[in-house]
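The sequence and structure come first.

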Amino acid sequence: MLSDYSTIGIFLMLTLAFPLAAMGMAWAVRPKPKCKPDDEKLLPYECGVDTIGRTWSRFKVNYFLYALVFLAFDVETIFLFPWAVKFSQLGLFAFVEMLLFIGILLIGLWYAWKEGALEWH
Amino acid sequence: MNWPILSLTLFMPLIGAIIIMTLHREREQAIKYVAAGATLVSLILSLVVAIGYDRSLGGIQFVESIPWTADLGVTYALGVDGISIPLLLLTTLIGFSAVYASWNISERVKEFFSLLLILITGVMGTFLTTDLFIFFLFYEVVVIPIYLMVIMWGSSKRVTKEYAGMKLTIYLLIGSAFLLVGLIALFVQSMAVNGAPSMDLMTLAQTEFSQSFQVFVFALMAFGFGTLLSMFPFHAWSPDGYAGAPTAVSMIHAGVLKKIGGYGLIRIGIMILPAGAQVIAPIIAVLALGNVIYAAFICLSQKDLKYIVGYSSVSHMGYVLIGIAALNLVSINGAVIMMFAHGVMAALFFAMIGNLYEKSHTRNVDDFGGLAHQMPRLATGFMIAGLASLGLPGMVNFIGEFTIFVGAFSSFKVLTIIAVSGIIFTALYILRTLGNVLFGPRKEKWDHLQDLKGPEMVPLLVLGAAIIIGGIMPFTLMDLINNGVGSLISQAGLMQIGGIL
Amino acid sequence: MQISMLAPEIEIALLGLLLLVLGLLLPHKGRGIMGTVTFLGLVIALLLSAAGFGQEEALFNGVYQADSYGSFFKLLFILAGLLVVLSGSAYIQRLGRRANEFYSFLVFALLGMVVMAAAGELITLYIGLELMTISFYILTAYLLNNELSVEAGLKYLILGAISSAVLLFGISLVYAVSGTTVISEIAGHMQFQPAMVAGIILMIAGFAFKLSLVPFHMWAPDIYQGAPIPVTAFLAVGSKAAAFAAFVRVFMLALPLPQFEWGLVLAVLAACTIILGNLVALVQTDIKRLLAYSSIAQAGYILVGMVAGNEYGLKGVLFYAMLYVFSNLGAFAVATAVEVETGSTSIEAFKALGKRSPMLAAIMTVCLLSLAGIPPLAGFVGKFYLFSGAIGAGYLWLAFVGLLMSMVSVYYYLMVAKAMYIGTNDDMTPIKPDTSTRVALWICLAATVLIGVYPAPLSALAQTAIQLF
């Protein structure tokens with residue numbers, strides 16, 4: 001019986017070992033620095049544009065509001081699609097149910113609109 | 001008996017408290033009269049019960065029973081027998097006197113008397129019920145009003161009133177936690193044996209528990225009830241608590257509340273768990289000796305009047321414990337009558353001390369002297385209480401002590417002889433205190449003190465009368481108690497020893 | 001299957017939407033009626049679920065259970081919601097423009113609790129749980145200008161998400177072994193396998209987080225202190241009861257495993273919770289923190305009943321959860337009234353309350369003593385059931401620990417009483433709570449005393465509800 005637990009033990013060890021191995025491997029195969037890293041070396045990108053200003057600047061909250069509103073309607077399609085495929089078999093009850101579902105989502109949209117989530121100030 | 005006389009007796013103070021809560025707080029006189037009226041009705045009803053109890057029939061009478069909570073086996077069951085009637089009388093006597101002893105309270109009168117009346121109901125309930133659950137309900141009801149009364153109207157002398165109140169509360173609650181474990185275990189075990197839940201004391205008494213279980217539960221009870229009875233070494237709350245408490249609380253606490261401990265040990269401990277009692281009793285007896293001797297020695301060195309009476313009550317509880325531990329008819333008779341006797345005596349003592357403290361603002365024995373000149377009535381009260389305390393024949397306390405020693409001698413010979421010596425120490429500290437406070441040359445500085453008058457006389461008259469009537473005519477109570485204890489002992493199947501006096 | 005069995009749930013969902021819409025439609029001045037609408041809506045929900053009590057039916061192939069057990073908890077949550085709305089209306093009014101959303105989040109949190117209590121399947125349970133906790137994340141951080149509140153909200157979000165993940169992992173392991181998520185079917189597919197044991201342990205940890213059992217309790221005091229006080233009250237009472245409702249249903253029905261005594265694990269958790277909750281509460285100086293630690297300890301007591309797992313223990317769980325609503329919300333209602341008046345939640349603010357408002361002081365004392373388990377108040381009877389169950393199941397040591405610590409708890413409850421009755425305060429103006437708070441206070445007081453003096457009706461109700469097990 002106890003030996004059955006070994007699966008979990010091995011699993012645990014593997015999960016621990018995997019990230020360590022990945023990092024260790026990167027450390028082992030990377031080109032060894034010849035000298036102390038200079039300013040050039042420490043840039044976030046060796047090619048590309050340097051950042052201007054503080055990198056921890058805040059994003060405008062509207063991005064997130066858009067993302068959330070989008071997500072809500074995105075998920076809605078997941079429900080709508082199978083419903084549409086089987087619509088003829090499902091009958092009136094499912095039709096009313098879907099109307100209610102969309103109705104609730106619309107109230108959410110209305111709320112977001114009214115509260116100014118869709119405006120970009 | 002068709003109308004519920006016991007319920008009326010029990011709930012009269014509570015009804016009084018509710019009426020007081022509806023009164024306006026400025027109407028202090030009305031509040032005091034309601035309190036006095038409610039306790040007076042209770043007192044009269046309890047006298048009716050005591051007289052109406054049919055001694056030839058015995059057993060539990062005036063039974064009231066209403067099913068309460070089926071799955072816990074709880075019944076709202078009231079009933080009295082020879083053991084509970086004296087304690088019921090004690091409660092109503094002291095409750096009535098306590099209202100008058102607090103007549104001069106002037107701060108937050110409304111709260112004071114509502115809490116006092118709730119407290120009296122709680123104490124009375126424990127003596128009246130024959131249901132274990134209801135018993136515990138009332139048992140813990142009393143603790144919280146006491147805490148609030150101590151911190152609001154108490155006095156800070158040697159220790160602050162907050163400390164005294166909290167110490168008292170925590171000691172009693174920890175004791176009751178152990179007790180509660182015992183009670184729940186009893187309930188669960190009886191359900192396993194009988195197959196149906198029951199909290200009725202008689203049903204539990206007829207249930208067969210194994211000996212080891214009985215010893216375990218009795219030990220828990222001895223700790224819980226022992227703490228309440230200030231059994232050595234769990235007595236430390238008692239003197240501090242009395243010193244911090246207002247007069248009425250000291251009276252009720254020393255007078256009646258402690259007796260719930262003794263009553264519980266007899267009614268629940270010995271009746272339900274006789275085999276457990278036989279194993280634990282010798283331990284209780286030895287600890288009781290600690291009460292008698294150790295507390296008496298501490299008394300000898302006390303200077304504060306309340307501490308003297310506080311420790312002396314610890315010492316007297318030692319006699320009660322010895323009486324219970326001896327487990328025979330005579331000794332338990334003695335323990336019950338001693339509880340009654342000590343109750344009225346301690347209440348009278350605290351009433352007198354409270355009155356004196358209120359007027360002179362000191363309780364220090366050395367400050368006083370010759371008070372019999374200025375306050376002859378107060379001095380009478382002190383003398384009655386003091387002489388009762390040292391067991392002078394003619395006072396009810398003598399009957400109690402004598403009976404206990406007669407009974408206990410047949411069970412514990414050496415121990416009883418040592419315990420009897422406690423009487424000598426009691427006489428020593430009581431007489432010394434009385435002498436220093438009351439007698440000797442007149443002191444000019446106390447000339448302004450007013451003697452007892454008007455409502456202040458009530459505690460002296462009521463309690464003093466109880467002490468002397470009980471002492472001269474012991475048969476009034478003794479028959480009753482003998483009747484109750486006799487049936488309890490035969491119920492528990494303990495050995496019977498001899499008749500009485 | 002009848003849709004009418006879901007009437008209370010549908011009504012609550014509609015109420016939440018209605019409140020949201022009303023907030024959009026009504027002019028700013030007209031929003032004073034939001035509290036009244038919430039109140040009336042909840043009263044209807046209460047009546048609907050009371051009417052549905054006693055039905056026993058599985059809906060949607062066992063995914064949702066319309067049974068007495070669920071109905072009992074529905075009644076409990078709706079009562080708690082009603083009392084919070086009544087006692088908190090003065091406080092919520094001060095939130096100004098955003099008060100309307102506050103009510104609607106409160107109602108959605110309530111819906112989540114109801115779903116949790118009635119869920120017959122683990123995923124549905126999880127959805128209810130998330131609906132409840134996400135509403136609470138927002139409510140906790142509702143005081144945007146108050147650092148403590150925002151910090152509490154963020155902390156709750158992160159720790160709540162972690163604990164949900166742990167719970168979900170546990171659910172997935174149980175599903176992996178048993179092949180079903182329907183609670184009543186899992187027991188039939190129970191196998192003693194390492195993955196099952198791991199799943200049970202993870203589920204215990206997840207629920208323990210939600211119930212703030214020691215050692216998973218660290219989040220509770222900060223969040224209770226930071227949140228707006230009606231939210232704290234609802235969180236302490238409702239979310240805890242909901243987690244217990246689900247915990248008991250899942251563990252008693254689905255996961256009895258003779259080879260793995262999780263009862264003992266829970267017993268140790270309960271003992272630690274009772275001891276630590278009470279000891280740490282001793283040194284608190286803020287009433288919200290004090291009540292937070294006390295509610296940690298209370299969860300420990302309720303867990304004792306589940307550890308016992310017999311008739312008296314389970315009845316105790318339900319009984320205690322119900323009386324806890326009244327006693328704890330009574331204490332919180334007084335704290336809310338004091339905070340509205342003084343702006344402070346420290347125990348200092350309660351000084352001389354006995355003179356400023358004797359009614360508030362008396363109700364606070366009674367409610368706290370009921371929590372401490374002093375007869376003849378409701379808490380005592382609840383503890384009697386719980387510990388009868390524990391002793392009956394052989395956990396004598398747990399009864400000793402629980403009852404001793406409940407006597408210790410009297411100390412800190414009495415410290416509040418002491419401040420109220422003998423403290424002195426510079427400000428001696430009388431505190432007069434508004435009518436709706438007073439109604440809530442009287443309900444709490446009456447219920448706390450009545451349940452304590454005459455427990456038979458509630459115990460009969462609890463008896464019906466546990467027939468399931």
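How do the axes of helix H6 (residues 147-178) of chain C and helix H8 (residues 194-211) of chain C cross, and within what distance do they come? In this predicted model, local features need pLDDT of at least 70, side-chain atom pairs count only at pLDDT 80 or more, and totals for chains, interfaces and linings use all residues. Residues are numbered from 1 along each chain as its sequence is written, with chains lettered from A and ligands numbered from 1 in the order in which they are written.

The two axes cross at roughly 150° and come within 7 Å. H6(C) is therefore roughly antiparallel to H8(C) (angles over 145 degrees). Residues in the contact include C:Leu167 and C:Val174 of H6(C) and C:Leu202 and C:Phe209 of H8(C); two residues are in contact if their C-beta atoms, placed from the backbone, lie within 7 Å.

Chains B and C share the most contacts of the two pairs of chains in contact. Chain B gives 26 residues and chain C 25 residues. On the side of chain C that touches chain B, H17(C) supplies the largest share, twelve residues.

The helices of chain C that give two or more residues to that side are listed here.

| Helix | Residues |
|---|---|
| H16 of chain C | 378-392 |
| H17 of chain C | 396-422 |
| H19 of chain C | 456-465 |

Chain A has no contact with chain B, and their closest C-alpha atoms lie 37 Å apart. Chain A holds three helices and zero strands (DSSP runs: helices H or I of at least four residues, strands E of at least two).

Notes:
Axes fitted to C-alpha atoms, helices over the stretch in contact; angles between N-to-C directions. Parallel < 35°, antiparallel > 145°, perpendicular 65-115°, else oblique.
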